[in-house]
Amino acid sequence: MTRTPEEGRALALTLARHTVHNIQPDLDILKGGRPNYSSTPDSLIDAARVVAIEFQTIAAANGYWRG
């Protein structure tokens, strides 16, 4: 549980980073690909989508979107 939406977003970013590191645990390989995906709009949009899904899950669990 987070106390605010901002804390939820920070948690979503952390979860997204952990997900990527679990998929590719070799930091040299992970960082080696960064020049390719960090300048490709589609890759950046995909990364933002992962964070958005994590945030949506956290927000729903915290009840922020209940009326």
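The side chains of D46 and R49 form a salt bridge, with N and O 2.8 Å apart. By salt bridge I mean a side-chain nitrogen of Lys or Arg within 4 Å of a carboxyl oxygen of Asp or Glu. Side chains of opposite charge can pair when their charged atoms come close. Both partners, D46 and R49, sit in helix 3 (residues 41–62), 3 residues apart, which is about one turn of the helix. Helices here are DSSP runs of H or I with at least four residues, numbered from the N terminus.

Before I continue, please note that this is a predicted model, in which local features need pLDDT of at least 70 and side-chain atom pairs count only at pLDDT 80 or more, while totals for chains, interfaces and linings use all residues. Residues are numbered from 1 along each chain as its sequence is written, and side-chain values use heavy atoms, with hydrogens and water left out.

The terms are set by relative accessible area: under 20% is buried, over 50% is exposed, and partly exposed lies in between, using a 1.4 Å probe and protein chains only.

How many salt bridges does a search of the whole structure find? The search finds 2. Besides the pair in helix 3, E7 forms a salt bridge with R3, where the closest N and O atoms are 3.0 Å apart. R3 counts as exposed because its relative accessibility is 70%, whereas E7, at 29%, is partly exposed.

T14 is partly exposed, at 28% relative accessibility. T14 and E54 are 40 residues apart in sequence, yet their C-alpha atoms are 9.4 Å apart in space.

Finally, the largest pocket. A pocket is an open set of points on a 1 Å grid over the protein atoms alone, with protein on both sides within 12 Å along at least five of seven lines; lining residues have an atom within 4 Å of a point. The largest pocket holds about 470 Å³ of space, a volume being the space filled by probe spheres set on the points. It is lined by 16 residues, and those closest to its centre are A16, R17, V20, Y37 and A47. Helix 1, helix 2 (27–37) and helix 3 each give two or more residues to this lining. Helix 3 provides the largest share, 7 residues.

Terms used:
1 Å grid on protein atoms, 1.4 Å probe; cavity = no way out; pocket = protein on both sides within 12 Å on 5 of 7 lines; lining within 4 Å.
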